[in-house]
Amino acid sequence: MAPRIRAPELPQNYSWLNTDKPLSMKQLKGRVVILDFWTYCCINCLHVLPKLKYLEQKYKDSLTVIGIHSAKFDNEKESENIRQAILRYDIEHPVLVDIGFRVWQEYTVRAWPTLIVIDPQGYIVDYVPGEGNRDALDRLIQELISQHSEKGTINFQELSLTLEKQRQPLITPLAFPGKVLATSEGLFIADSGHHRLVMSSFDGEILHLIGTGKSGLADGSFSEAQFFAPQGMTFDAENQILYIADTENHALRKIDLKRQVVETIAGTGEQSRNIRPHGGAGLETALNSPWDLVKVGNTLFIAMAGPHQIWQMDLETGIVKTYAGTGAEGCVDGSLTESAFAQPSGISINGQELYIADSEVSSIRGVGLVEPQQVRTVCGSGQLFGFGDVDGQGEDVWLQHCLGIEYAQNFLWIADTYNHKIKLVSPSTGNCQTVLGDGSAGLEDGKGKNTRFFEPSGLSAIGSYLYIADTNNHAIRRVDLNTFEVTTLQFPSLCAPDVCIPPNL
């Protein structure tokens, strides 16, 4: 019989979030503990969070989940940025900031995400790498509770925590807007943190609020429909239809502006486990974190972040299927069937080629639409751990978790999200230059590099203006492309769901 391994103690002098004091394994004796090793850029880590929330709520009196945030990107090492991720993803368990991978190494973790289950006597009972199986974890927790109830070694008592969302409620008019789309009809904003879509004029007048503001998956009228952290959008002006990547519902939705109704067109509401290229009827095919989309004729092309692929949907037949990517996470150029991506999170088009913000390899990719359909790397290191902030050309360019991309005026505009910058890329030469932002997180209007953003994630251009979803600033910014002057848009009549403060007071 293998010797039992006692869980190493957690550092008390590191930053802890979602709690007013550090937690120790000694203090947690008598409880089942799950340590979730995660980093907030990682799509697989985000997929684990709803499973943990289910278990936390089911076993409130006997289970403690602790997030161990072991950062991949430099930007993710900042406690304030982790706090924003906790608010964005509504995390309700304590999170330890794992400086220098100390806890990761002490628990011999090898990959994100990894769950470690610890019994009420403080011994490690299971390692669960990857996204894990909620039902298997559920059964294990029940077994541990049963065993330790019989032995009298369990402590049934709900822990009292001070959550970041209690300290900083999400009552801003917009909450973590992920994407923005500028059209002939006005602006569409994915108000991701409020689980709704906002349609406004370019002057900030609210034209439509679409969705109840509560997370869910419901079709119907604008006031009845529900979304769950919606992201990218594309607009069919002729038919007045907006298509949405409803990311955490793992679904594609369409909004008919004429009839003012929302309808699901693809996805089952459940996350797909199949990362191999496949397809089927839209409403019968499970999807995996669609993050952005663009319409080409009667086809939607989708940046499917979860399986690291580009997908397509035929809007006439309703068939949805893989277009490019093997499902392996990486940066592999070549034919559509041999290519690989790493959490593609932004998509744009120039007519001949799709352009992808390939976030986990911090690179810009091109995907051919005409023969020979080839995948290429426009700029960026092409490496999972090759990131930084270096302008230049081709593979000499270093970006940091770029999420947004827009083709306009023969150039690619890039939301270099974790560098808090907007960059300009030539799709033909791969030359990349910073044009907006000084690299520090903040909210400052002004001109060119004398401006500040905070994890900008979405871009959309119309005429001589570029609109930016400045995600962690809960703001939409507008750039005059003739002068590079940046201004923050105001929406005087917009309020957070259920928190309306009348204007002019």
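Where is the place of Q409? Q409 sits in the loop between β27 (404-408) and β28 (411-416), helices (H or I, at least four residues) and strands (E, at least two) being DSSP runs numbered from the N terminus. This is a predicted model, in which local features need pLDDT of at least 70 and side-chain atom pairs count only at pLDDT 80 or more, while totals for chains, interfaces and linings use all residues. Residues are numbered from 1 along each chain as its sequence is written, and side-chain values use heavy atoms, with hydrogens and water left out.

- Q409 is not a glycine, yet its phi is positive, near 55°.
- Q409 counts as partly exposed because its relative accessibility is 47%; buried means under 20% relative accessible area, exposed over 50%, and partly exposed in between (1.4 Å probe, protein chains only).
- N410 is found in the loop between β27 and β28, and N410 also has a positive phi, about 70°, although it is not a glycine.
- N410 counts as exposed, since its relative accessibility is 57%.

**Cis peptide bonds**

- W112 and P113 are joined by a cis peptide bond with omega about -20°, and P113 lies in the loop between α3 (102-106) and β5 (114-118).
- A cis peptide bond with omega about -10° joins E371 and P372; P372 has its place in the loop between β24 (363-368) and β25 (374-380).

**Helices α1 and α4**

- Helix α1 (residues 43-58) packs with helix α4 (residues 134-151) at an angle of about 25°, and their axes are 10 Å apart.
- That angle makes α1 roughly parallel to α4; angles under 35 degrees count as roughly parallel, over 145 as roughly antiparallel, 65 to 115 as roughly perpendicular and the rest as oblique.
- Axes here are lines fitted to C-alpha atoms, for helices over the stretch in contact, and angles run from 0 to 180 degrees between N-to-C directions.
- From α1, the residues K51, Y54, L55 and K58 meet R134, L137, D138, I141 and Q142 of α4, where contact means heavy atoms within 4.5 Å.
- The residues of this contact divide into 4 nonpolar, 1 polar and 4 charged; Ala, Val, Leu, Ile, Met, Phe, Trp, Tyr, Cys and Pro count as nonpolar, Asp, Glu, Lys and Arg as charged, and the others, Gly among them, as polar.

**L144 in α4**

- L144 lies in helix α4 and is buried, because its relative accessible area is 5%.
- Leaving aside neighbours within four places in sequence, L144 is in contact with V32, V117, D119 and V125.
- From C-alpha to C-alpha, L144 and S345 are 39 Å apart in space, and they are 201 residues apart in sequence.

**Helix α2**

- In helix α2 (residues 79-88), the buried residues are N81, I82, Q84, A85, I86 and L87.
- These buried residues pack against β1 (16-17), β3 (63-69), β4 (95-97) and α5 (164-167).
- After α2 comes D90, with a positive phi near 50°.

**An open sheet**

- The order β16-β20-β19-β18-β17 describes an open sheet of 5 strands with antiparallel pairing; two strands pair if DSSP finds at least two bridges between them.
- The edge strands, β16 (279-281) and β17 (290-296), each pair on one side only.
- From one strand to the next, the twist averages 25°.
- Strands β18 (residues 299-304) and β19 (residues 309-314) pair over 6 bridges in the antiparallel sense, and A303 stands opposite I310 in β19.
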